[in-house]
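Cut-offs come along as the terms turn up.

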Amino acid sequence: MKTTRYYSLDVFRGATVALMILVNNPGTWSFMFDPLEHAQWHGCTPTDLVFPFFLFAVGNAMAFVIPRFKQQPQSEFWKKVIKRSILIFLIGLFINWFPFFKWENNELIFKAWKDSEESGVRIMGVLQRIAIAYFFASVIAFYFKEKMVLWISGIILVGYWLLTKFLGGIDPYSIEGFIGTKIDTHILGLAHIYKGESIPFDPEGIYSTINAIPQVLLGYLTGIFINKQGNMKWLNKSLPETNQPNFRLVAGLFVLGVIALLLGYFWQLDFPYNKKIWSSSYVIHTTGLSLLTIATMIWFIEILNVKNGVMKFFDVFGKNPLFIFAFSGLFPRLLGLIRIENGFTNQDEIKYISPLTWFYENICAKLPGIPEIGSFVYSLIFLAFFWALAYWLDQKKIYVKV
């Protein structure tokens, strides 16, 4: 099958990377505009769309790669997919452990893999989820035809729903009753799961990562659909009568998006939208919004030929997506080893802050207006720094492949 590279898909992927960096790096977590915060539990905010959109984009990219893999020996497929999956997972684990040292009682000590039964390096994370979902989605896409891939995606989503519903606690969709909490704790160990919730609970745990696989697969099927329906030869600033097949491409994506949103809505009446447990309704809901977003971008970028500075801004993030995202996680941790004196604690001990915290408190936080403004401005400056890095890499034709 001949594949066509749509610029809109590159912009879509780059935009998700940019938004992931933006929402993950506020000036302070205490002051954030509501749309930039994740839902406390059930629900879906604009920020909750970013990660599933990226997984969907991973699936889109697979639609260009899998057909080439199918023309090569199976050994070549396995070698590349296993290597890439392991590298992405290890990079995520590296970020969690980095910079391997921490300040404790004014001493720089080694950050042990496991300090105690309750404290250690977190094993799972965003990149780890991407690695696992990418691996299993690639295997399914490689060995099965599109219709079967759709059936497998549906079986995973329904199976996850039933297992969660009937194997959980009294309230299986609560943080305490969610079956994934027990599974992750048993497999990973209490010391190696996330501690930022009311109880030890990993929002990127092993169990909930199962449902990230169909998220990638649905992105893959969308990419296949676009490749089959699209034809770049017709692109211009108008839509003459002869280009009706391409109009049907965009219309088809809109129809599929609306169907997915309706299905997700009715499903959430029993299995609520929930990013932290990656509920099945959440997968369908965010897939529907991904379809509508891509359809809109194809219409404006490819058909109407709207290619301006905004598109270029996001496009450069898509040239080195994993490298830029990974470095955005490493950078604050590295600077965290640098300490700046910042007054005294209640016990008359010297208080230290990192350079980034100093920049926020002494520059951004002093901007007029509500505190959320300063926190958001910090996020924008942080994003601008990584855009400059991504732009420089693009200009130098440096593309870090994993």
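Let's start with the rings: a search of the whole structure finds 43 aromatic pairs. A pair here means rings of Phe, Tyr and Trp (its six-membered ring) with centres within 6.5 Å, where planes under 30 degrees apart count as stacked, over 60 as edge-to-face and the rest as tilted. Take phenylalanine 142 and tyrosine 143: their ring centres are 4.9 Å apart with the planes at 85°, so they pair edge-to-face. Phenylalanine 142 counts as buried because its relative accessibility is 10%, while tyrosine 143, at 37%, counts as partly exposed.

Phenylalanine 313 and tryptophan 387 make a stacked pair, 5.7 Å centre to centre with 10° between the planes. This pair links distant parts of the chain, as phenylalanine 313 is in helix α11 (residues 309–317) and tryptophan 387 is in helix α14 (residues 371–395), 74 residues apart. Helices (H or I, at least four residues) and strands (E, at least two) are DSSP runs, numbered from the N terminus. Both partners are partly exposed: phenylalanine 313 has 26% relative accessibility and tryptophan 387 has 24%.

Before going further, a word on provenance: this is a predicted model, where local features need pLDDT of at least 70 and side-chain atom pairs count only at pLDDT 80 or more, while totals for chains, interfaces and linings use all residues. Residues are numbered from 1 along each chain as its sequence is written, and side-chain values use heavy atoms, with hydrogens and water left out.

Back to the rings. One aromatic cluster is formed by Phe323, Phe327, Phe331, Phe359, Tyr360, Tyr378, Phe382, Phe385 and Phe386.

| Charged residue | Ring | Distance to ring centre |
|---|---|---|
| Arginine 129 | Tryptophan 278 | 4.9 Å |
| Arginine 339 | Tyrosine 352 | 3.8 Å |

Now the packing. A nonpolar core is a set of buried Ala, Val, Leu, Ile, Met, Phe, Trp, Tyr and Cys residues joined through side-chain atoms within 4.5 Å. The largest one has 97 residues, and Ile21 and Tyr220 touch the most other members. Helix α2 (residues 50–69) gives the most to this core, 13 residues. Which residues does isoleucine 21 contact, leaving aside its neighbours within four places in sequence? They are Phe317, Ile324, Phe325, Ser328, Phe382, Leu383 and Phe386, with contact meaning heavy atoms within 4.5 Å.

On to the gaps. Rolling a probe the size of a water molecule over the atoms shows where empty space is left. On a 1 Å grid over the protein atoms alone, a cavity is a set of points where a 1.4 Å probe fits but cannot get out, a pocket is an open set with protein on both sides within 12 Å along at least five of seven lines, and lining residues have an atom within 4 Å of a point. Grid points are joined across faces, edges and corners, and a volume is the space filled by probe spheres set on the points.

The largest pocket holds about 1,600 Å³ of space. Its lining takes in 48 residues, with Asn24, Trp29, Arg122, Tyr194 and Arg333 lying nearest the centre. Elements giving two or more residues to this lining include α1 (7–24), α4 (126–143) and α12 (321–335), and α12 gives the most, five residues.

There are two cavities of 30 Å³ or more. The largest cavity has a volume of about 60 Å³, and its lining residues include Leu22, Met32, Phe33 and Phe376. Both α1 and α14 give two or more residues to that lining; the largest share, four residues, comes from α14.

Last, the backbone. Most residues other than glycine have a negative phi, and most peptide bonds are trans. The peptide bond from phenylalanine 98 to proline 99 is cis, with omega near 5°, and proline 99 is in the loop between α3 and β1 (101–104). Phenylalanine 100, found in that loop as well, has a positive phi near 75°.

How values were computed: Buried < 20%, exposed > 50% of the residue type's maximum accessible area, 1.4 Å probe, protein only. Lys NZ or Arg CZ within 6 Å of the ring centre and 35° of its normal.
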